[in-house]
Amino acid sequence: MARRLKLQMQTTIDGFVAGQNGEMDWVSFLWTEDIKQYVTRLTESVDTIILGRKLAEGFIPHWAGVAADSGNPEQAAGEKFSATQKVVFTKTLGKSEWENTLLAKGNMADEVIKLKNQKGKDIIAYGGVSFASALVKQGLIDEYHLFVNQAAIGKGLSIFKELTERLNLTLIKALPFDCGIVVLHYEPDKN
């Protein structure tokens, strides 16, 4: 059985993952224990993280710093993210600057399918808009975990902007959390 690719994204109530210029000042980082436990469960079944280059440049060093800081309450998450193999999709980097990180330089769909067909646990994607949009457009996502923040911004960037035909999804779960975020877990319709 092939590994599953999960996408975890922050979104607004009106479906944007960033403002028109990439702003994310609407994201709530005041997470309560219940949502932290959800993320822990979500990542327990994962042994590979895929990222676009732009996000990787901040994500990987951030979590390495958190892992190294014994006073940081998120140290366990930092250790998990640092220890998990990462694959960075890039056309510009010549070699990986980070530990436990490989570069994927070929066709995105081919690279993701190759990863899915390898032995191992599931894969999770964290992305900026362009990277996530490309995964969505190519039908590579098996599970959507959309963290709906309690904000509407009116205009912005969507991970669904590149779709050329309708994408039908089945709601698996809708979970409200004490911090006000609601997680919508969808899977693509099989029909």
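Which handedness, left or right, does the crossing of α2 and α3 have? The crossing of α2 and α3 is left-handed, a term for a near helix turned anticlockwise from the far one by less than a right angle, with right-handed used if clockwise. The views below show a predicted model, in which local features need pLDDT of at least 70 and side-chain atom pairs count only at pLDDT 80 or more, while totals for chains, interfaces and linings use all residues. Residues are numbered from 1 along each chain as its sequence is written, and side-chain values use heavy atoms, with hydrogens and water left out.

**View 1. Packing of helix α2 on helix α3.** Helix α2 spans residues 53-68 and helix α3 residues 75-83; helices (H or I, at least four residues) and strands (E, at least two) are DSSP runs, numbered from the N terminus. Their axes lie 7 Å apart at an angle of about 130°, where axes are lines fitted to C-alpha atoms, for helices over the stretch in contact, and angles run from 0 to 180 degrees between N-to-C directions. The two helices are therefore oblique to each other (under 35 degrees is roughly parallel, over 145 roughly antiparallel, 65 to 115 roughly perpendicular, and the rest oblique). On the α2 side the contact (heavy atoms within 4.5 Å) is made by F59, W63, A64, V66, A67 and A68, and on the α3 side by Q75, A77, G78, E79, F81 and S82. By class, this contact has 8 nonpolar, 3 polar and 1 charged residues (Ala, Val, Leu, Ile, Met, Phe, Trp, Tyr, Cys and Pro are nonpolar, Asp, Glu, Lys and Arg charged, and the others, Gly among them, polar).

**View 2. The aromatic pair of Y38 and F147.** Rings of Phe, Tyr and Trp (its six-membered ring) pair if their centres lie within 6.5 Å; planes under 30 degrees apart are stacked, over 60 edge-to-face and the rest tilted. The count comes to 10 aromatic pairs. In one of them, Y38 and F147 are edge-to-face, 6.1 Å centre to centre with 65° between the planes. Y38 belongs to helix α1 (residues 33-44) and F147 to strand β6 (residues 143-148), 109 residues apart. Both Y38 and F147 are buried (buried is under 20% relative accessible area, exposed over 50%, partly exposed in between, with a 1.4 Å probe and protein chains only). W31, Y38, F147 and F177 form one aromatic cluster.

**View 3. L146 in strand β6.** L146 has a relative accessible area of 10% and is buried. Its C-alpha atom is separated by 9.4 Å from that of G15, 131 residues apart along the chain. Not counting residues up to four places away in sequence, L146 touches M9, T11, I159, V182, V183, L184 and Y186.

**View 4. The buried side of helix α5.** In α5 (residues 129-137), V129, F131, A132, S133, L135 and V136 are buried. These residues pack against β1 (5-11), β2 (46-52), β3 (85-89), α4 (108-117), β5 (122-125) and β6. G139 follows α5 and has a positive phi, near 70°.

**View 5. L93 and N100 in the loop between β3 and β4.** L93 is buried at 11% relative accessibility. From R53, 40 residues apart in sequence, L93 is 8.2 Å away, C-alpha to C-alpha. Leaving aside neighbours within four places in sequence, L93 contacts R53, W98, L103 and K105. N100 is partly exposed, with a relative accessible area of 37%. Most residues other than glycine have a negative phi. The phi of N100 is positive, near 55°.
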